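Here are a few notes from my pass through the model. Have it open while you read, and go point by point.

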Amino acid sequence: MTLQEYDYARESPSKLAASCLLLALTMKNLGGWTPTLEYYSGYSAQDLHPLVKRLNFLLTYQPRDKLNAVRSKYSHRVFFEVAKVTPMDMLKLEEALTSC
């Protein structure tokens, strides 16, 4: 989704990927940002918090009339139906990020 948004073009791909991973881990309650993830990514959880919040905001307020083919593709079980995952409430996300 970020490929379609100009605001994310200035972010480094590695930071964007790390932030997406942290958001996914948080959304699925699979744990937080571990020292191993920090070591190999080069980013601490605090470095990623602002971008994670922006990504969740993008998921929450995405326009429903655009990118229907992408949404349809990733709603299929082959892709684990990731397009159907509901975004986190911003307050719950904030609480989860402060704990990691």
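Predicted model: local features only at pLDDT ≥ 70, side-chain atom pairs only at ≥ 80, totals over all residues.

1. Now the helix itself. Helix 1 covers residues 13-27.

2. Which residues of helix 1 are buried? They are Leu-16, Ala-18, Ser-19, Leu-22, Leu-23, Leu-25 and Thr-26. These buried residues pack against helix 2 (35-41), helix 3 and helix 5. As a reminder, an α-helix has 3.6 residues a turn, so residues three or four places apart point the same way.

3. Have a look at Ser-19, which sits in helix 1. Its relative accessible area is 0%, so Ser-19 counts as buried. Setting aside neighbours within four places in sequence, Ser-19 is in contact with Leu-48, Leu-51, Val-52 and Leu-55.

4. Next, the pair formed by helix 3 (residues 45-60) and helix 5 (residues 90-99): they pack at about 155 degrees, with axes 11 Å apart. The two helices are therefore roughly antiparallel, and their crossing is right-handed.

5. Who meets whom there? From helix 3 come His-49, Val-52, Lys-53, Asn-56 and Phe-57, and they meet Met-90, Leu-93, Glu-94, Leu-97 and Thr-98 of helix 5. Sorted by class, that contact has 5 nonpolar, 3 polar and 2 charged residues. Val-52 is worth a click, being part of this contact and also in contact with Ser-19.

How values were computed
Residues numbered from 1 in each chain as written. Heavy atoms only, no water. Axes fitted to C-alpha atoms, helices over the stretch in contact; angles between N-to-C directions. Helix = DSSP H or I, 4+ residues; strand = E, 2+ residues; numbered from the N terminus. Parallel < 35°, antiparallel > 145°, perpendicular 65-115°, else oblique. Left-handed = near helix turned anticlockwise from the far one by under 90°. Contact = heavy atoms within 4.5 Å. Nonpolar A, V, L, I, M, F, W, Y, C, P; charged D, E, K, R; others polar. Expected span 1.5 Å × (residues − 1). Buried < 20%, exposed > 50% of the residue type's maximum accessible area, 1.4 Å probe, protein only.
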